[in-house]
Amino acid sequence: MPQTNGNGHAVAQTYVGTRTVRPDGVDKVTGRARFGADFSLPGQLVGRVLRSPHAHARIVAIDTSRAEQLPGVKAVVTRDDFPDQSSEFIPAGEMLINYRDVVRNVLAREKVLYEGHPVAAVAATSVAIAKRALKLIDVQYEVLPHVIDVVEAMRPDAPLLHEDLYTAGVEPKPAKPSNVAKRVEISLGDIEAGFAKADVIVEREFTTQPVHQGYIEPHAAVASVSEDGSTEIWCSTQGHFIVRAHCARLLGLDIGKVRVTASEIGGGFGGKTVVYLEPLAVALSKKAKRPVKMVMSREEVFKASGPTSGAHIKVKMGATKDGRFVAGYAELRYQAGAFQGSPVQPGVMCAYAPYDIENVKVIGYDVVSNRPKVAAYRAPGAPISEFAVESVVDELAKKLEIDPVELRLQNAAREGTKAAYGPKFGPIGLVDTLHAVEKTNQYTTPLGEWQGRGVASGFWFNIGGETCASLTVNEDGTVSLMAGTPDIGGLRASLAMVAADELGVPYEKVRPIIGDTGSLGFNFLTGGSRSCFSGAMAIVEAAKEIKADLCARAAKLWDLKADQVEFKDGHVRATGAGADKHTPMSVADFAKVAGKTGGPIGGYGRINAQGAGPSFGTHLVDLEVDPETGRVTILRYTVAQDAGKAIHPSYVEGQYQGGAAQGIGWALNEEYIYGADGKLQNAGFLDYRMPVASDLPMIDAILVEVPNPRHPYGVRGVGETPIVPPMAAIANAIERATGIRFTDLPISPPKVLKALRERGLNHPKNGS
Amino acid sequence: MARVVLVGNLVQLTGGVAQFDLPATSVKHLFALLAERHPALAPHLEEGVAVAIDGQIYQDTLLEPIAPDSEVFVMPQIAGG
Amino acid sequence: MAKHHVTATVNGDEVEFLCETEETLLDVLRDTLTLTGSKEGCSSGDCGACSVTLDGRLVCSCLVLGCEVGGRRIETIEGMAKGETLHPLQRKFLEHAALQCGICTPGVLVAARSLLERDPDPSETEVRYWLAGNLCRCTGYDKIIKAVMDTAAELRRR
């Protein structure tokens, strides 16, 4: 079996790298697995939220008295039930969150800032009564002018969302507040000198619309608060420790008194890293003295949970005539929604990350507008900026008459390349993914009329973070594994495989669960492509503890010194002279005598995982444009991406395919459509058009593996990078198919048709 | 001396100075040295930055050692979705 | 308004329940009969996560009223396995890793079984169009289609 030498860690791999059946699979294919809305407590009440009908308004008064008097209503909460929070930024990854904003997003205080903004919540004995109660809450609004579009929101005369928002990152501090929360910038070299060296310059502007993560499972939570303040929460979340922290903070509870259990989660993609219903359910339960269950409708999900930013982007790139990139400039204007905190900072850092360019300058603006506050969405910020840059790279390729893959190879970041955001890259796989794409059959498949081929690359940093995992050996030699990051899609299988190989036990004997917040130390959330990377590291640490413990027990049993025993291939063995005298003992052998040799056997890994390695990917798409309808059909699609080491190849492929599908939707159909009244017009799956099975072909996934030297198995996070390249790859392919460069997403049929008509190109294909 | 570079908006808090040669022995020590020279940096350093040491990005690690000839970047924090 | 009294057959068992006029079959299955395998993704018949069969016909249970199913035969995901034996589709989904988060899986399995019952040899395109009413956001559908085609092939060999 192949051994891994990543980070000097050598363990025989029986399971890692194979395609095992996931241990939680049977429950999921039989409907037994319990997601957020599948859990109920005896005596529970139904919670519902009253939401703003206006895009922007001052709240003059809220009167809940009539609702409180309705029989069957057990509690009503408003802003008065949540203490105000001071303005204080807490890091939550790149999107620093401010609790003053969080408490206002959970329930509006002075103003409502988007249609759907929560204003009050009720708990009642039935759905019908809860709905009636909402109608009995009287809210007086003073409607204000609203602003939706990011560029509009930046104008000095735009309606102002926050009177105390002064643009940070600008010297001197502006005299007047505005909707521009922050300006950020990175630069390298001398951008003017760079452009002066260029033989070819391409300058373009792009727009993207907000798109939703589109998880099929709406937000759901059940909360139960006891008379002594102990609080239990069951919810669908990417981070139950984060939910605990937010609820404790917002409601003034001791963290230790709040226990959160993560249900199975029906998709998150970043959108379930924040709280919406949980604090409301807790507040209602506290008042009603009964459990409260709250579930969002699909309309509420679209109107009131964070999509990602819409944006306006300017890109200007310069290259020499032999294809060397000499200057990369960009201006990114990202819309943050009602409160500051768009992912413009990582967007700025990622824009030119795949390339070795001496002169780079990227400026970003974080802009508020009357839309739901944006939440993270798979590689937040990067898909938008890299859509723009990768489109311009393609135009450079065309102007220079260099193959787009060759142009990227010529300028690709490699080990030792200085990233635009500062540090040098370690070993990375961008070049490998470009070569992989060149070698596919797809790359040389002949294309017909109205067909085009496009390529684009992408990147995400990936993170590690605080992670705790435990391994417990049971009396019969089976191993209980407890991890602390919700399993979004295959994590339990991967961790069980690592544990099985570490301890030399059969995979079927390892039973993984996701522990609640009372069972483990703090775990950062599932996101940032970290759960397998960090979880595997923590399992390795837990296994090390067990191995050391078993060696110590064996040494005592065999009357040997510590350095005369070792753990190898699933057994403790005596080494040296005494080797033949002592039968090697497996984990299961020790399990039988655990009590007699010191007590139960277990290990606990508690780390702040560092050493995450970036994952680069390249996508290749063949598509066909129908000149009669403007519809774009994807014919062939390949994803080549660096996984470092694929613990479970099927689930790594699954990330590639799923991320690509989301990117295809983002490119071709998905967008938030607002009316002039600032209200969302397509708050449902019919008109918020995500890809369905008949829209897509098979998506070929190529696993490139450039091991991450900082991880015991060489793992790199893979979940986010796949959504970064598709939009540009598709825009590039459409350009080849039609000669038209589309710069505004989505490239939906009406837009394509309009552009074709304007150029007199919309006649039917030959022979039809 | 570690060669330290500030990336992004932090440069505005140092009056435009982006590069430093500092005898920092750990991330915690680095933050202390930077804050000494530019007190406005202090609140931003403890929370909200990542530190890259010789190409490897670290987040939330005060105790990580820095070697005498390391190349260090102080940059905005990152997470994901 | 008095509730409706309804008797029907669910997964081969006779059931009896009361429901309000406006309650959907999905509400009844999940809340009254506590069969939470069928999922609510949209309540507007667009996502297919609530798919069941009604007298053998594939429907979105969010678009059927509880009071409409009197005397009729309903099959949900909970009835797909027979005792300890998984349906071949369920087995193949696990083998092919045709699920990631699993929320769409019950609906997809019910829909896929419905397809194979009427067409044992569908083409890839036919499978894709039949499943177009089942949204999946995690997988990009690739492994789902492969699992269904592989199951069809295995069933044909029997």
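Q: Two strands pair if DSSP finds at least two bridges between them. In this predicted model, what makes strand S2 (residues 57-63) and strand S6 (residues 111-112) of chain A a pair?
A: They share 2 bridges. The cut-off is at least two, so the strands count as paired. The sense is antiparallel.

Q: What makes S2(A) and strand S8 (residues 138-143) of chain A a pair?
A: DSSP gives 6 bridges between S2(A) and S8(A), against a cut-off of at least two, so these strands pair. The sense is again antiparallel. Here A:Ala61 stands opposite A:Gln140 in S8(A).

Q: Why are S22(A) and S24(A) called edge strands?
A: Start with the sheet. Its 3 strands run in the order S22-S23-S24 of chain A, the sheet is open, and the pairing is antiparallel. Strand S22 (565-568) and strand S24 (585-586) each have a single partner strand, so one side of each is left without a neighbour in the sheet. S22(A) pairs with strand S23 (residues 571-574) over 4 bridges. In that pairing, A:Lys568 stands opposite A:His571 in S23(A).

Q: What makes a residue of chain A count as buried, and how many do?
A: The test is 20 or more other C-beta atoms within 10 Å of its own. In chain A, 60% of the 768 residues are buried.

Q: What share of the contacts in chain A joins residues at least 24 apart?
A: Take contacts between residues at least 6 apart in sequence: 79% of them join residues at least 24 apart.

Q: What makes up chain C by domain, and how far apart do the domain centres lie?
A: Domain 1 covers 4-79 and domain 2 covers 88-157. Their C-alpha centres lie 22 Å apart. The contact takes 13 residues from domain 1 and 11 residues from domain 2. On the domain 1 side, strand S3 (residues 51-54) of chain C gives the largest share, 3 residues.

Q: How do you know what span to expect for helix H5 (residues 142-157) of chain C?
A: The expected span is 1.5 Å times one less than the number of residues. H5(C) has 16 residues, and the expected value is 22 Å. The model gives 23 Å from first C-alpha to last, close to that value.

Q: Which residues of H5(C) are buried, and what covers them?
A: Among them are C:Ile144, C:Ile145, C:Ala147 and C:Val148. The cover includes helices H2, H3 and H4 of chain C. It also includes H17 and strand S28 (699-704) of chain A.

Q: How do you know which pair of chains shares the most contacts?
A: Of the 2 pairs of chains in contact, A and C share the most. That contact takes 41 residues from chain A and 42 residues from chain C. On the chain A side, H17(A) gives the largest share, 7 residues. By class, that side has 20 nonpolar, 15 polar and 6 charged residues.

Q: What does chain B give to its contact with chain A?
A: The contact takes 23 residues from chain B and 38 residues from chain A. The largest share of the chain B side, 4 residues, comes from S4(B). That side has 10 nonpolar, 11 polar and 2 charged residues.

Q: Why are chain B and chain C not listed as a pair in contact?
A: Contact needs C-beta atoms within 7 Å. No contact joins chain B and chain C. Their closest C-alpha atoms lie 14 Å apart.

Technical notes. Residues are numbered from 1 along each chain as its sequence is written. Chains are lettered from A and ligands numbered from 1 in the order in which they are written. This is a predicted model: local features need pLDDT of at least 70, side-chain atom pairs count only at pLDDT 80 or more; totals for chains, interfaces and linings use all residues. Ala, Val, Leu, Ile, Met, Phe, Trp, Tyr, Cys and Pro count as nonpolar, Asp, Glu, Lys and Arg as charged, and the others, Gly among them, as polar. A residue is buried if 20 or more other C-beta atoms lie within 10 Å of its own, exposed if 12 or fewer, and partly exposed in between; C-beta atoms are placed from the backbone. Domain bounds come from an automatic or database domain assignment.
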